[in-house]
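Please find below a colleague's note on the structure shown here.

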Amino acid sequence: MTRNLTDDIPGWGVLFHDQVGDGTVTIMMATLLFIIPSGKKEGEKLMDWNKCRKLQWNIVLLLGAGFAIADGFRTSGLTGILSDGLRFLEGAPTLVIVPVACVFSGVITEFMSDDSTTTLVLPLFAELARSVEVHPALLMISGAVGAQLSYLFPTGSPSNVVGFSTGHITIKDLVATGLPLKVVGVAALTVLLPTLGSVIFGMDNKS
């Protein structure tokens with residue numbers, strides 16, 4: 001939080017020529033856990049390897065995979081290809097645009113975390129809205145809500161991973177419970193966004 005403050009007030013990151021990222025801070029904090037005494041037993045630290053081995057590494061790997069996929073989408077240029085594939089929405093009615101954008105975002109979010117999906121699709125939908133000449137909120141709200149409908153796979157959200165890692169919940173359970181919720185969510189958004197959303201966000205104006 002203090003690595004970069006404002007343009008006028010630099011954080012401690014300037015001491016390292018702004019070459020320090022979040023990963024460096026995370027590793028530094030984790031390293032301190034192995035150094036700081038716990039205060040319970042003499043010589044015991046807050047973290048040792050025996051405790052470290054008991055961590056749910058499958059959760060870490062699943063979440064990390066979601067962020068890696070999102071970064072791969074951006075750096076490979078796949079987001080541009082996906083954007084071009086959605087240009088058929090130009091001139092389409094709202095009742096088509098909303099569910100397509102929501103389902104598009106909802107499918108991607110099952111393979112990466114919901115916040116990564118939101119970060120990925122919102123800039124894409126903002127540019128696409130200009131291309132197909134619709135109000136940006138129409139696509140961006142659909143995409144943002146669709147990204148939260150992540151119920152089918154463990155990689156969809158951290159809460160899915162936590163539940164799946166207990167061993168009591170299977171992917172079949174997630175799909176059986178989450179698919180009806182996903183369908184209802186898309187249907188509700190398709191009805192509410194063009195009606196109530198149009199009043200709230202003024203989407204009759206394309207700017």
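The numbered points below take the basis of the model, then the pocket, then the salt bridges.

1. This is a predicted model, in which local features need pLDDT of at least 70 and side-chain atom pairs count only at pLDDT 80 or more, while totals for chains, interfaces and linings use all residues. Residues are numbered from 1 along each chain as its sequence is written, and side-chain values use heavy atoms, with hydrogens and water left out.

2. The largest pocket has a volume of about 200 Å³. A pocket is here an open set of points, on a 1 Å grid over the protein atoms alone, where a 1.4 Å probe fits, with protein on both sides within 12 Å along at least five of seven lines; lining residues have an atom within 4 Å of a point. The volume is the space filled by probe spheres set on the points, which are joined across faces, edges and corners.

3. The lining of the largest pocket consists of G23, T26, I27, A30, L55, Q56, W57 and V60. By class there are 5 nonpolar residues, 3 polar and no charged (Ala, Val, Leu, Ile, Met, Phe, Trp, Tyr, Cys and Pro count as nonpolar, Asp, Glu, Lys and Arg as charged, and the others, Gly among them, as polar).

4. Helix 1 (22-33) and helix 3 (57-76) each supply at least two lining residues, and helix 1 gives the most, with 4 residues. Helices are DSSP runs (H or I, at least four residues) numbered from the N terminus. Domain 1 (1-55) and domain 2 (56-201) each contribute at least three residues to this lining; the bounds come from an automatic or database domain assignment.

5. The whole structure holds 3 salt bridges, each a side-chain nitrogen of Lys or Arg within 4 Å of a carboxyl oxygen of Asp or Glu. One joins R3 and D22 at 2.8 Å, N to O. R3 lies in the segment before helix 1 and D22 in helix 1, so this pair ties together parts 19 residues apart in sequence. R3 is buried at 18% relative accessible area, whereas D22 is exposed at 54% (buried means under 20%, exposed over 50%, partly exposed in between; 1.4 Å probe, protein chains only).

6. E110 and K182 meet in a salt bridge at 2.6 Å, N to O. E110 lies in the loop between helix 5 (94-108) and helix 6 (114-132) and K182 in helix 9 (residues 171-201), so the pair ties together parts 72 residues apart in sequence. E110 is buried, at 2%, and K182 is buried, at 12%.

7. R130 forms a salt bridge with E127, with the closest N and O atoms 2.8 Å apart. Both residues lie in helix 6, 3 residues apart, about one turn of the helix. R130 is exposed, at 61%, and E127 is partly exposed, at 44%.
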